[in-house]
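Let's walk through this one from the inside out. Have the viewer open and follow along as we go.

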Amino acid sequence: MLPPASFPAPGPGDAARHELLQSVVDVARAIFGAAASSVCLLDEEADELVFQAVSGEGEEFLVGRRFPAGRGIAGWVATSGEPMIVDDLSRNTSFDRSLAESTEYVPDALMAAPLISDARVLGVLEVLDPSPQTRSDVRELDLLAMFARQAAAALRVLAAQPGTGGRALEGERREDALQLLGSLERLLRGTG
């Protein structure tokens with residue numbers, strides 16, 4: 001089990017982090033042909049996972065919503081530090097149906113991977129109702145886990161960058177970040 005890492009919720013001016021996380025969920029959703037994708041970051045002080053970015057189902061209202069860090073599959077992934085694929089959520093005892101219902105979208109299947117950086121869990125990347133060809137495929141779960149690790153590393157780098165506090169990346173930094181995201185997307189799609 002990896003130790004959790006508290007990651008502060010973004011403030012109104014934290015455009016760079018929001019842009020990064022939104023790109024992560026948009027790319028993950030596209031790559032896995034999913035109905036939705038989300039990133040929840042751990043608020044260690046409150047012992048909660050907080051929706052930071054959502055693509056697809058729920059994107060209009062889920063950002064900022066919180067739930068106990070130990071609940072559901074996302075809670076299990078955050079606690080264990082291990083990725084998970086579930087093809088039939090109705091048969092999985094870790095699935096918290098009431099939590100899913102509170103988000104107004106109850107998936108049938110999901111893939112989830114921890115965001116790990118410096119041996120610490122920052123949060124969880126979930127892909128809900130991925131296309132059937134990506135389900136139960138260990139290679140696909142490995143891709144999601146790799147993508148989650150890269151996203152976590154980018155979050156850590158962004159948090160450590162002097163001069164980004166509350167401002168979007170500009171100039172060369174922004175171009176470098178966008179090129180990194182593009183390269184990762186091509187790698188995940190198998191075209192790079």
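How many aromatic pairs does a search of the whole structure find? It turns up one, where a pair means rings of Phe, Tyr or Trp (its six-membered ring) with centres within 6.5 Å, counted as stacked with planes under 30 degrees apart, edge-to-face over 60 and tilted for the rest. The partners are Phe-51 and Phe-67, 5.8 Å centre to centre with 50° between the planes, so the pair is tilted. Phe-51 sits in strand β2 and Phe-67 in strand β3 (residues 66-68), so the pair ties together parts that are 16 residues apart in sequence. Helices and strands here are DSSP runs (H or I with at least four residues for helices, E with at least two for strands), numbered from the N terminus. Buried means under 20% relative accessible area, exposed over 50%, and partly exposed in between, using a 1.4 Å probe and protein chains only.

A word on provenance: this is a predicted model, in which local features need pLDDT of at least 70 and side-chain atom pairs count only at pLDDT 80 or more, while totals for chains, interfaces and linings use all residues. Residues are numbered from 1 along each chain as its sequence is written, and side-chain values use heavy atoms, with hydrogens and water left out.

The whole structure has one cavity of 30 Å³ or more, and the largest cavity holds about 290 Å³. A cavity is a set of points on a 1 Å grid over the protein atoms alone where a 1.4 Å probe fits but cannot get out, and lining residues have an atom within 4 Å of a point. Points are joined across faces, edges and corners, and the volume is the space filled by probe spheres set on them. Of the 24 lining residues, Phe-51, Ala-100, Thr-103, Glu-126 and Leu-128 lie nearest the centre. Elements giving two or more residues to the lining are β1, β2 (48-56), α2 (72-80), α3 (97-102) and β6, and β1 gives the most, with four.

Now for α2 itself. Seven of its nine residues are buried, so the helix is largely enclosed by the rest of the structure. Those buried residues, Ile-73 and Val-77 among them, pack against β2, β3, β4 (84-86), β5 and β6, with contact meaning heavy atoms within 4.5 Å. Just after α2, Gly-81 takes a positive phi of about 75°.

Where does the greasy packing sit? A nonpolar core is a set of buried Ala, Val, Leu, Ile, Met, Phe, Trp, Tyr and Cys residues joined through side-chain atoms within 4.5 Å. The largest has 27 residues, and Val-24, Val-39, Leu-115, Leu-125, Val-127 and Leu-144 touch the most other members. α1 (15-31), β1 (36-43), β5, β6 and α4 each give two or more residues to this core. A second, separate core of 26 residues includes Val-54, Phe-67, Ile-73 and Ala-112.

Most residues other than glycine have a negative phi. Ala-119, however, has a positive phi near 60°; this residue is in the loop between β5 (110-117) and β6 (120-128) and is partly exposed at 45%. Asp-129 has a positive phi near 50° in the loop between β6 and α4 (138-160), and at 14% relative accessibility Asp-129 is buried.

Note on methods:
1 Å grid on protein atoms, 1.4 Å probe; cavity = no way out; pocket = protein on both sides within 12 Å on 5 of 7 lines; lining within 4 Å.
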